[in-house]
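Work through the following exercises with the model open beside you, and check each step of the solutions against the atoms.

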Amino acid sequence: MILIGVNRSPYTRRVAIVLEHYGMPYQMRDLTGFANWEEVKVSNPLGRIPALILDDGEALVDSAAIVDHLDEVYGRDRALMPPSGADRRAVQRLASLMMGACDKGLHAAYERNHHPPEKVHLPWINECTMRMKNALKAVDAVAEPDQFLLLGRLTHADITAFIAERLARVGLGVDTETEMPRLRALTKRLAELPAFAKTEP
Ligand SMILES: N[C@@H](CCC(=O)N[C@@H](CS)C(=O)NCC(=O)O)C(=O)O
């Protein structure tokens, strides 16, 4: 498989962590939707990363759809997403919150990075950042010391919390150590696990 994207993209990193955790072989093609539009659009007409090219050439797009496929191939009963019921809903809820937090963070970053300075609307950046932080704080409130977020094991909730916290801290300068200390403690522990360490950009 070929993963198109760069690990500084939270969505790409999520897929890379899942591939590593499942022990699935893949090659990385370091492309971004902005710098490499012509190449990326071949796999994703939106020009967004990540895209995952399967061994038969089929291209999957959008991190959620890609990890759903990887969960299926790995086996629903042992995947990072529980197969059904209350456990599945709980993991879906936190993972959706965290992917939404990434979306808010990117809206803020794009406002800053893709507009001429005189057209940057600071209130929009602040609004998006506030909403992102609110979602991160909701996860911080349920994070227990030395535990995974849910079910006593690694799930998509932890991986998505990891990438969202990193985007807030590294990409937007949020002081997560102070504002979401329990979440930050979790992401420090996760960073030590092989799938996370190996994909650090
Ligand atoms: N919902 C998509 C979002 C992907 C996304 O927005 N990726 C960013 C990089 S972090 C991108 O390629 N942006 C280029 C663009 O929006 O044109 C996913 O989960 O994969």
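## The pocket and its ligand

By class, 19 nonpolar, 15 polar and 11 charged residues make up the lining of the largest pocket, where Ala, Val, Leu, Ile, Met, Phe, Trp, Tyr, Cys and Pro count as nonpolar, Asp, Glu, Lys and Arg as charged, and the others, Gly among them, as polar. The model is predicted, so that local features need pLDDT of at least 70 and side-chain atom pairs pLDDT 80 or more, while totals for chains, interfaces and linings use all residues. Residues are numbered from 1 along each chain as its sequence is written, and side-chain values use heavy atoms, with hydrogens and water left out.

**Exercise 1.** Find which helix gives the largest share of the lining of the largest pocket.

*Solution.* Begin with helix 1 (10-22), helix 3 (63-74), helix 4 (85-113) and helix 6 (156-172), each of which supplies at least two lining residues; helices here are DSSP runs (H or I, at least four residues), numbered from the N terminus.

**Exercise 2.** Identify the polar side-chain atoms that lie 3.0 Å and 2.9 Å from a nitrogen atom of the ligand.

*Solution.* Start from the residues around the ligand (a heavy atom within 4 Å), which include Arg48, Ile49, Asp62 and Tyr110. A polar side-chain atom of Asp62 lies at 3.0 Å from a ligand nitrogen, and one of Tyr110 lies at 2.9 Å from a ligand nitrogen. As a further step, note that a backbone N or O atom of Ile49 lies 2.8 Å from a nitrogen atom of the ligand.

How values were computed: Polar contact = N/O pair within 3.5 Å; in protein donor to acceptor, adjacent residues only side chain to side chain.
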